[in-house]
Amino acid sequence: MTAFPEYTLSDSAIKDIAECITGETGGADILACRQEASQMCNLNEITYGRQATEADILKTLHGGWYSKNSWGKGVTQTAIDAVKFVMVMGNRVLPRYVTEHDWFPNDIINPKARNKYNVGDDVENKYDSKYQFYTFFGANKDGDIAGYFKKDYEKYKDDVPYGGETMANAIDKVIEIAEDEVGYLEKRSDSQLDDKTANVGSSNYTKYWRDIAPEYQGEPWCAGFITWVFVKAFGKDMAEKLLKHYPYVYCPTMADLFTLHANPMRGDIVIFYRNGEFVHTGIVTSVNGDYFTTVEGNTSGGSTIIENGGGVYKKGYYNSNLPGTKFCRPDYSIIEMEDLTMTQYEELKQEIKTLKEENQRLMDTVESTFVYNYNDENIPDWARPALKAAMDSGAVRGDEKGQLHLNYKDLRTIVREYRCGLYDK
């Protein structure tokens, strides 16, 4: 990853910047917030040629490029965390050449459908600016359009932004694994569990329970299917972090552990509500306005909620037709970060500082107290030739027992004199 500048920001500055990010992105999508923070840094340093300082970034934000309407809409913890992660810790998620973004499609002349844009495509906004397309902000790529100018690209094209497995790639991975399971049918017994269509029955026997929680074999398995997908994508330890417990077997548990969102995002875990309780679950694979699609285990085909069906199906719903249904949003950002939280980051910096100070104290102690009596393995390699020359010339002699009684500073003096030729015969 490129070593991007780290900003030293006061708490008030972090909140001010996060408020702008909240106004620009809504403040809920961690990837969009990080992209916005990264673009702010790029705008400050590349477009305006300013320094990575609190004064300059605030000057850039309040200088007219951002609408005044971007403030005054509150501030989310997600946006605050994004400012700390990107600006304070230097983890920029966009290369420095990405300096432009616009409200899409409202600010764009002759906009295309989002899925028709490719990196490098020409973009023209209503403010007489022409640039090249880079991405759409957000995990669902449903936010602002962002791009770059060719002159900036040529200068910073070798930038490597914060990488690892990005949130978008992590969500893609979950959905790809889930969709590969579509067509799997539950079994009548604990036999041929890996075959999608063999030994079909209605006894709730599946490879999903076998692999993640055999003690639940024969029980309804919609939540078990989701656990299996997350384990297959990221391993058990990460699945437990993303699901906030392990294994996920009971829908109402999610309602106790997660913030419940009224509207879906791609990669969410939906918990369907009916007759006063959460009864079924699935993975959101796409969102188009009010309509969203899912992959669900232990269900059947059709457009209604089937909480104990016979297989893995891809389904679709209108959210407005599902009162009480909620969406749980795993923090996929931890996959790309194996994250140092800001608190951990500060603790690590303090620990490093403490270790450096302790190391210096030890060095000072060695220099002032350690006694070297012989030209042996205890003498540092860099001092041995000089000490031998000093002894050979008679400049350094031991006592009646042959002991030299030299300290660290004596060795340094001898080396300096040796390099000046004082011991040459």
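Biologist: Is Tyr-216 buried, partly exposed or exposed?

Modeller: This is a predicted model, in which local features need pLDDT of at least 70 and side-chain atom pairs count only at pLDDT 80 or more, while totals for chains, interfaces and linings use all residues. Residues are numbered from 1 along each chain as its sequence is written, and side-chain values use heavy atoms, with hydrogens and water left out. Buried means under 20% relative accessible area, exposed means over 50%, and partly exposed lies in between, for a 1.4 Å probe and protein chains only. Tyr-216 has a relative accessible area of 31%, so Tyr-216 is partly exposed.

Biologist: How many aromatic pairs are there?

Modeller: Rings of Phe, Tyr and Trp (its six-membered ring) pair if their centres lie within 6.5 Å; planes under 30 degrees apart count as stacked, over 60 as edge-to-face and the rest as tilted. By this rule the number of aromatic pairs is 24.

Biologist: Is the pair of Phe-104 and Phe-136 stacked or edge-to-face, and how many residues apart are the two?

Modeller: The ring centres are 4.9 Å apart with 70° between the planes, and the pair is edge-to-face. Helices (H or I, at least four residues) and strands (E, at least two) are DSSP runs numbered from the N terminus. Phe-104 is in the loop between β1 (98-102) and β2 (122-124), and Phe-136 is in strand β3 (residues 130-136). The pair thus links distant parts of the chain, and the separation is 32 residues.

Biologist: Are Phe-104 and Phe-136 buried or exposed?

Modeller: These are the two residues of the edge-to-face pair. Both Phe-104 and Phe-136 are buried.

Biologist: What kind of aromatic pair do Trp-209 and Tyr-216 form?

Modeller: Trp-209 is at 1% relative accessibility and therefore counts as buried. The ring centres of Trp-209 and Tyr-216 are 5.2 Å apart, with 25° between the planes, and the pair is stacked.

Biologist: Which residue lies over the face of Tyr-184?

Modeller: Tyr-184 forms one aromatic cluster with Tyr-208, Trp-221, Phe-225 and Trp-228. A charge sits over a ring if NZ of Lys or CZ of Arg is within 6 Å of the ring centre and within 35 degrees of the ring normal. At 4.6 Å from the ring centre of Tyr-184 lies Lys-187.

Biologist: At what angle do helices α13 and α14 cross?

Modeller: Axes are lines fitted to C-alpha atoms, for helices over the stretch in contact, and angles run from 0 to 180 degrees between N-to-C directions. The axes of α13 (residues 384-393) and α14 (residues 408-419) come within 9 Å and cross at roughly 75°.

Biologist: Why is α13 described as roughly perpendicular to α14?

Modeller: Angles under 35 degrees count as roughly parallel, over 145 as roughly antiparallel, 65 to 115 as roughly perpendicular and the rest as oblique. The crossing angle is roughly 75°, which makes α13, relative to α14, roughly perpendicular.

Biologist: Which residues of α14 make the contact with α13?

Modeller: Contact means heavy atoms within 4.5 Å. From α13 the contact uses Pro-385, Ala-386, Leu-387, Ala-389 and Ala-390, and from α14 it uses Leu-411, Ile-414, Val-415 and Tyr-418.

Biologist: How many residues of that contact are nonpolar?

Modeller: Ala, Val, Leu, Ile, Met, Phe, Trp, Tyr, Cys and Pro count as nonpolar, Asp, Glu, Lys and Arg as charged, and the others, Gly among them, as polar. In the contact of α13 with α14 no residue is polar and none is charged, and the nonpolar count is 9.

Biologist: Which peptide bond to Pro-247 is cis?

Modeller: Most peptide bonds are trans. Pro-247 lies in the loop between α9 (236-243) and α10 (251-257). With omega near -15°, the cis bond runs from Tyr-246 to Pro-247.

Biologist: What is the phi of Asn-275?

Modeller: Most residues other than glycine have a negative phi. Asn-275 is found in the loop between β6 (269-274) and β7 (277-288), and at 75% relative accessibility it counts as exposed. Its phi is positive, near 55°.

Biologist: How far apart in space are Tyr-7 and Val-88?

Modeller: Tyr-7 is found in the segment before α1 (11-25) and, at 1% relative accessibility, counts as buried. Its contacts beyond four places in sequence include Cys-41, Met-87, Val-88 and Arg-92. Tyr-7 and Val-88 are 81 residues apart in sequence, and their C-alpha to C-alpha distance in space is 4.8 Å.
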